[in-house]
Number of protein chains: 2
Amino acid sequence: MSNTRERIVDASAELLRRQGYAATGVKQIVTSAQAPFGSIYHFFPGGKEQLGAEAIRHSGSLYELLIPAVFDPAPDLVAAVRAFFTGAAEHLWETDYADACPIATVALEVSSTSEPMREACADVFESWISAGLPRFTAAGLSDETARELVIAMIAALEGAFVLARACRDVAALAIAGELIAAATQRALDER
Amino acid sequence: MSNTRERIVDASAELLRRQGYAATGVKQIVTSAQAPFGSIYHFFPGGKEQLGAEAIRHSGSLYELLIPAVFDPAPDLVAAVRAFFTGAAEHLWETDYADACPIATVALEVSSTSEPMREACADVFESWISAGLPRFTAAGLSDETARELVIAMIAALEGAFVLARACRDVAALAIAGELIAAATQRALDER
DNA sequence: GTCCTCGTAGATCGATCGCTCTAGCGATAG
DNA sequence: CTATCGCTAGAGCGATCGATCTACGAGGAC
């Protein structure tokens with residue numbers, strides 16, 4: 001019984017989130033995880049690519065938990081959307097603009113260079129969309145409208161993260177949040 | 001008289017756009033630019049970081065030209081917004097999901113690791129916002145509303161690029177475009 | 001006890017990284 | 001002509017890359 005494998009995945013996920021795939025070395029991962037070098041290739045015979053893909057899926061499933069955590073206690077759907085963006089802004093600010101989306105950097109990086117990694121990112125995005133969908137349909141929206149709103153929400157969040165991290169300013173997150181909250185309110189009114 | 005310097009910047013911009021900063025090697029740049037290795041450090045004594053920052057600013061100013069190119073011939077503001085997103089979707093599809101935003105990948109990568117590069121990305125985003133502003137104020141919107149819409153537009157575009165590149169599907173761009181077009185129309189109606 | 005398996009541990013591989021260095025070419029100035 | 005200067009050209013630096021390899025220790029099966 002050992003938790004070395006978990007430590008490696010956790011450390012990889014953290015490093016990938018902050019510096020991306022290419023800039024993260026295998027040696028840096030084992031140092032950060034306090035694991036022996038050989039264990040990497042014992043647990044991940046596919047090497048860096050396999051480890052990266054697993055770390056992305058791990059990050060994705062953790063981040064997905066934010067959806068019920070934020071949406072369930074909210075009084076209504078629009079408040080939940082708003083809380084989602086303000087929570088993201090707070091966390092970004094608290095970590096000095098380090099912790100934004102755990103997979104976006106890698107998703108852009110590997111899109112044209114590593115098909116297994118690209119697929120892992122695509123699967124994570126799809127799982128987020130699937131997780132968000134029932135929150136919008138439960139409020140009475142059609143499947144189509146709900147899906148469009150969820151995709152718009154994730155896209156607006158990701159784009160606002162890009163601007164916020166580059167400009168060191170969470171204003172984009174507030175604007176994007178209000179935009180999606182307003183669009184959600186309008187969709188509910190037109191119901 | 002020589003154009004080696006331009007070739008180096010152009011090649012760097014192209015490679016940074018597709019694979020990011022860390023994955024792009026200096027040797028790969030000189031090979032792609034058909035330039036001698038030593039010329040890199042002749043023109044860019046600051047090394048890879050200086051070259052990267054200049055390539056980002058170069059990409060940024062080229063991409064900024066898209067704003068007048070798309071907005072000026074459009075019949076009205078909402079049509080221009082729509083054309084901006086459909087044009088981006090077409091170009092992304094035509095290049096097999098390689099050419100999305102020329103700086104977003106790098107912006108996320110370097111945000112926590114290289115301050116000069118991060119500043120270059122921030123400057124580019126600021127210049128895009130400044131270039132987009134007059135198009136919205138000219139339609140009669142207040143400075144504040146215009147600025148929020150421009151930031152929302154860029155954020156939605158960037159986020160849709162992330163989803164589109166990862167999932168190999170331009171649907172997110174269409175959804176994001178309609179979202180911003182509708183928000184723009186609403187702002188004009190409430191004027 | 002003897003195996004056998006799983007996981008630890010790290011030395012070491014060839015390749016590549018960003019970068020420095022020197023040598024030499026070609027055009028212009030005196 | 002020679003001298004100078006901008007630029008080309010690439011060999012080679014130490015460091016680090018991802019990956020492979022062997023050796024060893026702990027614990028269970030028999």
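Guide: Two residues are in contact if their C-beta atoms, placed from the backbone, lie within 7 Å. This is a predicted model: local features need pLDDT of at least 70, side-chain atom pairs count only at pLDDT 80 or more, and totals for chains, interfaces and linings use all residues. Residues are numbered from 1 along each chain as its sequence is written, while chains are lettered from A and ligands numbered from 1 in the order in which they are written.

Visitor: Which helix gives the largest share of the side of chain B that touches chain A?

Guide: The contact draws 39 residues from chain B and 39 residues from chain A. On chain B, the elements giving two or more residues are helices H1 (4–19), H7 (104–110), H8 (115–137), H9 (143–167) and H10 (171–189). Helices (H or I, at least four residues) are DSSP runs, numbered from the N terminus. The largest share, 15 residues, comes from H9(B).

Visitor: How many residues on the side of chain B that touches chain A are nonpolar?

Guide: Ala, Val, Leu, Ile, Met, Phe, Trp, Tyr, Cys and Pro count as nonpolar, Asp, Glu, Lys and Arg as charged, and the others, Gly among them, as polar. By these classes, the side of chain B that touches chain A has 6 charged and 7 polar residues. Its nonpolar residues number 26.

Visitor: How are H9(B) and H10(B) oriented to each other, roughly parallel or roughly antiparallel?

Guide: Axes are lines fitted to C-alpha atoms, for helices over the stretch in contact, and angles run from 0 to 180 degrees between N-to-C directions. Angles under 35 degrees count as roughly parallel, over 145 as roughly antiparallel, 65 to 115 as roughly perpendicular and the rest as oblique. The axes of H9(B) and H10(B) come within 8 Å and cross at roughly 170°. The two helices are therefore roughly antiparallel.

Visitor: How many charged residues does the contact of H9(B) with H10(B) have?

Guide: H9(B) brings residues including Leu149(B), Met153(B) and Leu157(B), and H10(B) brings residues including Leu173(B), Leu179(B) and Ile180(B). The contact of H9(B) with H10(B) has 15 nonpolar and 3 polar residues. Its count of charged residues is none.

Visitor: What angle do H1(B) and H4(B) make as they pack?

Guide: H1(B) and H4(B) are roughly perpendicular to each other. H1(B) uses Val9(B), Ser12(B), Ala13(B), Leu16(B) and Arg17(B), while the residues from H4(B) include Leu51(B), Ile56(B) and His58(B). By class, this contact has 6 nonpolar, 4 polar and 2 charged residues. The axes lie 9 Å apart, and the angle is about 85°.

Visitor: Which helix gives the most to the surface near DNA strand C?

Guide: A residue is near a strand if its C-beta atom, placed from the backbone, lies within 6 Å of it. DNA strand C is surrounded by 16 residues, with Thr4(A), Gly38(A), Gly25(B), Gly47(B) and Lys48(B) the closest. Two or more residues come from each of H3 (37–43) of chain A and H2 (26–33), H3 (37–43) and H4 (47–64) of chain B. The most, 4 residues, come from H3(A).

Visitor: Which helix gives the most to the surface near DNA strand D?

Guide: H2, H3 and H4 of chain A and H3 of chain B each give two or more residues. By class, the surface has 5 nonpolar, 9 polar and 2 charged residues. The most, 4 residues, come from H3(B).

Visitor: How many residues of H9(A) are buried?

Guide: H9 (143–167) of chain A reaches 36 Å from its first C-alpha to its last, close to the 36 Å expected at 1.5 Å a residue. That expected span is 1.5 Å times one less than the number of residues. A residue is buried if 20 or more other C-beta atoms, placed from the backbone, lie within 10 Å of its own, exposed if 12 or fewer, and partly exposed in between. H9(A) is mostly covered, its buried residues being 21 of 25.

Visitor: Is Val150(A) buried or exposed?

Guide: Val150(A) belongs to H9 of chain A. Leaving aside neighbours within four places in sequence, Val150(A) is in contact with Ile129(A), Gly132(A), Leu133(A) and Phe136(A). With 24 other C-beta atoms within 10 Å, Val150(A) is buried.

Visitor: What is the phi of Gln34(B) near?

Guide: Gln34(B) lies in the loop between H2 and H3 of chain B. Gln34(B) is exposed, with 10 other C-beta atoms within 10 Å. Its phi is positive, in a residue other than glycine, and near 50°.
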